[in-house]
Every structure is written in C-alpha cells, then in structure tokens.
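Hi,

Here is the structure I promised to pass on. Have a look first, and my notes come after.

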Amino acid sequence: MRSVLSLLLALALCTGIALAQTARVQLIHNAPDPTVDVYVNGLKALDNFAFRTATNFINLPAGLPLQVAIAPANSTSAADAIATFNLTLESGKTYAVTASGIVGNPGTPFTLIADDKALEAASDPNKVDVNVLHGSPDAPPVDVVVRTGGKIVANLAYGKFTPYLSLNPGVYYLDIKPAGSNAIVQTYRADLTGLGGQAIRVLASGLLGGSPAFGLYAVTASGAVVELPASPVARVQVIHNAIAPTVDVYANDALLIDDFEFRTATPFVFVPAEVDIDLGIAPANSTSANDAIATFTVNLENGKTYIVTASGILGDLNRPFDLNINDEAREKSDTSATVDVAVLHGSPNAPAVDVDAIFVADNVIQNLPYDGFTPYLSLPPAKYDFAIRATGDPNVVASFRADLSGLAGGAAYVFASGLLGGNPGFGLFAALPNGTVVELPLTPTTRLQVIHNSPDPTVDVYAGNTRILDDFAFRTATPFIDFPADRDITLGVALPNSTSAADAIATFDVNLEEGKTYIVTASGIVGNPATPFTLIVNDGGREAAASPGNVDIAVLHGSPNAPAVDVDALLVANNVITDLAYGEFTPYLSLPPAVYNLAVRATGNPNVVAAFRADLSGLAGGAAYVFASGLLGG
C-alpha cells in the first residue's frame, strides 16, 4: 500500500504547489461497517481501510484541490468509487477527517466530517485534552455526564463535535443520556491515567438499534483506536454502625475493607452495578471470605448513589446484625449555598424519635423509627442544635450541636449510634462523603435570665424562628434557663399576639459564651432616639451567692430619663454605688442577709431623691438583680 504522504507529495510536485504549504491530517473510519479503499485524485491512498481504525497525523500539501473517492475494498480504480468528495486543505491547520454515515442511506448518507481545529497534543502537559464526536447515525442528540463531575456535553447531535475539554489524568465514568433526560443509556469507563500531555478524540460509533452495535471509542494522535468498555457503576459509602467488633468486609471473594471499626466509614467509591455482589462480614484478621459470619447479596442500580450502613447487634434476635441501604444518598448539596443532611436512626434500643432544630423549626423529623432514615434536608451552612425527643413526648432526651458552617455545597449523613442507657453510649455521628466520621457534641449551653424593663408594652420574644416568650409583661422576668451557646442567634421582639418572628419590631444578634451566666434586660423606650429600645447584657450574672452565708446583689440603672445616681445603704455605708448611669450595672456586692434601706441621690447631689427598703433577711446563699425601672416624673 502506497502511503497517503508519498502520493500527495507527488501530486504537489506535479501541480507545482510549494511543499512548505502543508496541513496536518488524521483520517478516521467511523462509517458503519464496510472496509473501503480511499483514492486521492485518482491514486489509491489507503487500501482496505477498516471500520473503527485511524491513521496517525501526517503532513499533507495545502492549497491543492483534492478529490477523495471512497470505493469498496479490493477495488481496482477510482472508477469503482461509491462516493467522492472535493476538499482543499488550509496551510498550517490540523484536521481530523472522519468518515461517517451509512452508504446508501438518504437520511444519514455516507460523508466526511472535518474538524480543522484538531489537536495532536494537550495544551497543558499535565492535562489530557478530549473532544467528542457524535458519530452514531441512528442515535438521538445526547448529553454526556461525568459521574460525580457534572455534564460535559449537552445536546450533541449526530455529525457534531465538541471543543476540546482539558481534563486531569485519571479514571472517568461517562453516562450517555438522551439530551435533556436523566435516563442513562449506558455508562462507559475512560481510563486517562498516565495520558498527561495527550489529545484524545472520543467517537460515538455504531448503531443504537442495529449492527454494528453502539459504543464509545477513543482515537489517539498516533492512530490507535481503543474501545471504552461499558461499565455500569454505582457510588457507595459504607458505614459501620453495628454494635459489634471490628470486622473485615469481603465483596465476593475479595477483601473489600480490612479491620473496619465501629463508627467509621469509607469514602464514596465506584462499585460495579447490575451484577450480584456477595458482601461477607468476617471477624477482624480473617483469612478469606470463608470466614464470614454473615453474608448479604446486593445488586446495585447503575447511576445511583448508596449509603450502606451495618446496623443492629451481632447475635441479637430482636435487633439482628443487618445492612441498612439508602439508595438516594448524596455526595454534595443541590446548591453551592446549602448543606444537605439526612438522618438515620441507628440506635437499636432507642424508641422512635422526633427531632427539633432549636430556634429554627420544631419537628423537622417526626416519628423516625429504628433503622429508618429521612430524606435530605437542605440547610443554610450554620451551627444547629438538634433536640431529640421520644415521639409524642415534649421532654428533650438530649440536644446535639451540628456545626455545618464550613460545609456549603456539601452533604452529611447523621446517624444515631449506640445504646440508650447502655454501652457503648448513645450519640449522634456525622459521616462526610470523604469517609470522615465526626461525633456531634452535646449542645454547649449558658445560663440565661431575661428581664422586661422597657417601659410598658407587653411583648413576644423570638429566638430565631421560635417564640420563646409569649405576652412577656413589663417588670416580669424569666427564671434562669439553659440556653444554646457559641452560635449566632437573632432575638426578635414583637408586639403581643404576633404570629411569627417576621412581626418583630426590633432584632438583636447575640452569641452567648458557653459556661457563662447572663442576665439580659430589655430596656429603653420604643421609638425614642435618645434612649432607644435595647438589650442590656450582663455576662457576669449569678444564681447563688459566692458565700452561702451572704446574699449577692448587683444593681442595674434601668430608668431611661433618670440621671446618674449614687446609692447609700443607710446606717451601713455611704456611696456603696457611685455615679451609676442609665444602662450601667454594678459588680455583685456580697452582703449579710438583713434589711437594708437604700437612699438614691443624683450623682454629686446630697439630696435624697427616694429611699427604698430591701429585705434580704431570708435570702442567705442567694443572689438578686436590683434594677431601677420606669420614668422619673413620667
């Protein structure tokens, strides 16, 4: 067989074309089935050119009119041609010319598809440049989706090709889908490992409903044509949440996970789909799948994402060792601005539960039984406190902190684990897609008392979306309560009979520190620019005296229109408080339990404005927060 190069060089010499005018050309045969001979200007250039083969890139004269004739194999001359094409190559360009279509078919006739932007090497030596040609005559327009990577080709019709994509070397699973559909026609494995610096052309080839059958083929710059194998796969993460020892896990006869510990997880990995897989669970340090103490057969669906959780108690008849399978798992959020979270009840002896997201929403999970899991919840990335209650019981069993603030765009699978009141103890754990398992700590708390000292209106108080105080009257107070700490919380104050936090007339962002004791006093006058409605926060509050024999007292100046004051304890001490201005509070004074008479004076003025009796005689060991309230002369 004479080479294309020698023939066309001869043609160039005969026509006087300067040899410096050349183009780089690769020829690919992708027209279903017949082997052909190729003639150029009457001379046989390729003999017995087979379907799904290619030449390497070669220099060909540019600027020379060429008549390319395609004849059946073993032809004797260009007169046997079944199709002819006229083309002229442009100097300096690089072409991939693909024979495509079906001889004699008027709908998709035999033709040449020319790409004049072909590459022989990647633009980045560390990348692989790939383009895709839809060359299957009877296939509809398609989308190509890289599993876990997103759509790389959209609505590609027969005869069309894509620009080059720059990809990292590695293994890719390509899902072929009808354009605009989520249905997978087939999945193909493209192993680009070790191909950094190369340029690859991927062809859809063959017939979707006939012979030769549809497939994907990769063509290298050297002319090698490699079939991409059909490889249905699923994505799977495995979590060990069975109250059992460390185990080995086998897939058929192969060791899949060695020394798999309780409350650990694998990352998501590709696993063959559409085939039966025997999962064997064996004691740690087993020698083969024959050591399995439990075996489960699974058959995964192509394209799905699974979380498989080992659950139950080995040898327990009521809650036996089993596999909990979630076939709607997620590795990332539906949007980059949220975190997707699902919850599995995996505590064998715990009842069905309800779960509240404290200050966000009540009953985000209702009546979740053992071995049940929820759909995914899409949440803004932030800190959340999940309060767990037995279904129908208002009492909180435990509250756990889930810090999702750094997981925007990600997903997490939260699972209840362990035994309620037993060993190992009950807890919440979150498995991340990379296999990291994080134990959720108990909600950090602070102690909080709220006092309403803002002249006059009764109000409702919201924390986040939750109404925590209803019809909270002027000059009343809450007891000290446990309150979530170390997270941003918006406190909203609304008029009585409000319906939601959206009715707030004032909001305040707070972040209380774990372990402290706070007294938060609503103060000021709504609508008054000089002394506006506000919250006065004392983070050194006390619930008891430092000494059991004394009473600890702090004083808050909460009268918006009163001047700074001095306070005397009559017959005990003068100026126990000096120059206390509106909005300020004193440190705690430790006093013997007794009756005290307090004289209040404007700072620097000897005249007593008012005197008050404070009977502390019955408060030994206790503490009190004294606050000036109301309007002076109003």
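Below is what turned up, starting with the model itself and moving on to a sheet and some salt bridges.

A word on the ground rules: this is a predicted model, so I only took local features at pLDDT of at least 70 and side-chain atom pairs at pLDDT 80 or more, while totals for chains, interfaces and linings use all residues. Residues are numbered from 1 along each chain as its sequence is written, and side-chain values use heavy atoms, with hydrogens and water left out.

On confidence, the chain averages a pLDDT (the predictor's confidence in each residue, from 0 to 100) of 94, and 97% of the residues score at least 70. Residues 1-19 stay under 50; for that stretch the model has 35 contacts (heavy atoms within 4.5 Å) beyond four places in sequence.

Now the sheet. Strands here are DSSP E runs of at least two residues, numbered from the N terminus, and two of them pair if DSSP finds at least two bridges between them. β37 (residues 445-452) and β43 (residues 517-523) run parallel and are joined by six bridges; H452, for one, has A522 in β43 as its bridge partner.

Next, salt bridges (a side-chain nitrogen of Lys or Arg within 4 Å of a carboxyl oxygen of Asp or Glu). The whole structure has 28. Among them is R447 with D482, at 3.3 Å from N to O. That pair links strand β37 to strand β40, 35 residues apart in the chain. R447 is partly exposed at 25% relative accessibility, whereas D482 is exposed at 51% (buried means under 20% relative accessible area, exposed over 50%, partly exposed in between, with a 1.4 Å probe and protein chains only).

Another one pairs R542 with D552, with the closest N and O atoms 2.6 Å apart. R542 sits in the loop between β44 and β45, D552 in strand β45, 10 residues apart. Which of the two would you guess is buried? D552 is, with a relative accessible area of 0%, while R542 is partly exposed at 33%.

Cheers

Notes:
Helices (H or I, at least four residues) and strands (E, at least two) are DSSP runs, numbered from the N terminus.
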